[in-house]
Amino acid sequence: TQSTWGGRENKKKKREEKEKKMVKKVKKSAENINQKLALVFKSGKAVLGYRQTLKTIRTGRARVVIISKNCPALRKSEIEYYCMLSKTYLHHYEGSNTDLGTACGKIFRVGCLSITNTGDSDILKVVESGSE
């Protein structure tokens, strides 16, 4: 009976270690995106907001579209649909709109944004690898 309990404890420890690794990976990717976004706003061009994002997607200027986690479902689905039609990369940001605004270096909330010129940042590679 002692070996079965030990086996259960080992499984539990392995599961906990695996979960910790997953959390670290998510945090690293979020930090990575935040750094890339900061670089885009320093050297590239981006538009903030729902209406301007739709405008850039429709005109074909958008390279990457980023949506926050708590963006309303109807807006999110509409942006996803437009991105699918125009074959624009779409990234679902892991944080809320407050976190996305902070990552952009703004003091207000940002529900969605469209990057038209990446500048020195290689955010396209990060988004492409995340979508696969």
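What share of the 132 residues in the chain is buried? Buried residues (under 20% relative accessible area, with exposed meaning over 50% and partly exposed in between, for a 1.4 Å probe and protein chains only) make up 31%. Bear in mind that this is a predicted model, where local features need pLDDT of at least 70, side-chain atom pairs count only at pLDDT 80 or more, and totals for chains, interfaces and linings use all residues. Residues are numbered from 1 along each chain as its sequence is written, and side-chain values use heavy atoms, leaving out hydrogens and water.

Along the sequence, the pattern reads α-β-α-β-α-β-α-β-α, giving 5 helices and 4 strands (DSSP runs numbered from the N terminus: H or I of at least four residues for helices, E of at least two for strands).

Now zoom in on helix 3. Its buried residues are Lys76, Ile79 and Cys83. Seen down the axis, the buried residues of helix 3 fall within an arc of 70° (taken from the directions from the helix axis to the C-beta atoms), so they line one face of the helix.

What does the buried face pack against? Its partners are helix 2 (50-59), strand 2 (64-67), strand 3 (89-92) and strand 4 (112-117), with contact meaning heavy atoms within 4.5 Å. On the other side of helix 3, Ala73, Leu74, Met84 and Leu85 are exposed. Tyr81, also in helix 3 (residues 73-86), is partly exposed, at 48% relative accessible area. Just after the helix, Lys87 takes a positive phi of about 55°.
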